[in-house]
Amino acid sequence: MVTEFLNISLFSLLGIILMLLGSFCIDLVIPCSFPEEIKKGNKAIGWISAGAYISIGIIIRTAIASSDSGFFIDESTVAGSILSTMFCYAIGVAFLMIGYLILKFINRKYDLNKEVGDGNVAAGIMVFGMLVGLGLVISGVIA
């Protein structure tokens, strides 16, 4: 029972840290400060931030759940499970960032970064959907 509690605590803490790190990474490809824009009431950034947290959470959940599959490394130890989780997470977040950049490239009729920075809610919802959709696809690949 103590071991399960420690594992739950460890992976929950890891999940919180990875979620915050993932949000920071997504913020890097969208050149406006999420905290500052949220303070201003930028709903587009609010949608994107929500989409990033949901998709990263889905990826982390799947990475943790599949960390005992033996797919990547010896995951029979806690350290191996953590490494596997972090590996899957890193790949997942990288593809979320790539997905945003591809979406931005495809939609060259307007500057997606500018639209989001200016608070265009429709642009924020579109990016939200893309992030959540990619999170689901990536989690399916991890599983």
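**Figure 1. Lys-40 and Glu-37 lie 3 residues apart in helix α2 (residues 34-40), and are therefore separated by about one helical turn.** Helices here (H or I, at least four residues) are DSSP runs numbered from the N terminus. Lys-40 forms a salt bridge with Glu-37, and the closest N and O atoms of the pair are 3.1 Å apart; a salt bridge is taken as a side-chain nitrogen of Lys or Arg within 4 Å of a carboxyl oxygen of Asp or Glu. Lys-40 counts as exposed at 62% relative accessibility, whereas Glu-37, at 9% relative accessibility, counts as buried. These words follow relative accessible area, with buried meaning under 20%, exposed over 50%, and partly exposed in between (1.4 Å probe, protein chains only). The model is a predicted one, in which local features need pLDDT of at least 70 and side-chain atom pairs count only at pLDDT 80 or more, while totals for chains, interfaces and linings use all residues. Residues are numbered from 1 along each chain as its sequence is written, and side-chain values use heavy atoms, with hydrogens and water left out.

**Figure 2. Asp-118 forms a salt bridge with Lys-114.** The closest N and O atoms of Asp-118 and Lys-114 are 2.6 Å apart. Asp-118 is exposed, having a relative accessible area of 54%, and Lys-114 counts as partly exposed at 48% relative accessibility. A search of the whole structure finds 2 salt bridges. Side chains of opposite charge can pair when their charged atoms come close.

**Figure 3. Helix α1 takes in residues 2-29.** Helix α1 has 28 residues and reaches 41 Å from its first C-alpha to its last, which is close to the 40 Å expected at 1.5 Å a residue; the expected span is 1.5 Å times one less than the number of residues in the helix. Among the buried residues of α1 are Phe-11, Leu-14, Leu-18, Ile-26 and Val-29, and the list also includes Gly-15, Gly-22 and Cys-25. What covers the buried residues of α1 includes α2, α3 (43-65), α4 (78-106) and α5 (112-117).

**Figure 4. Ser-23 is found in helix α1.** At 8% relative accessibility, Ser-23 counts as buried. Leaving aside residues up to four places away in sequence, Ser-23 touches Phe-34, Tyr-53 and Ile-56, where contact means heavy atoms within 4.5 Å.

**Figure 5. Asp-27, which also lies in helix α1, is buried yet has no salt bridge.** The nearest side chain of opposite charge to Asp-27 is that of Lys-40, at 12 Å; Lys and Arg count as positive and Asp and Glu as negative, while His and the chain ends are not counted. When residues up to four places away in sequence are not counted, Asp-27 touches Cys-32, Ser-33, Phe-34 and Pro-35.

**Figure 6. The secondary structure of the whole protein comes to 6 helices and 0 strands.** For strands, the DSSP run has to hold at least two residues (E). Along its principal axes, the C-alpha trace of the protein spans about 50 × 30 × 20 Å, and 41% of the 143 residues count as buried. Of the contacts in the protein with a separation of 6 or more, 70% are accounted for by residues 24 or more positions apart.
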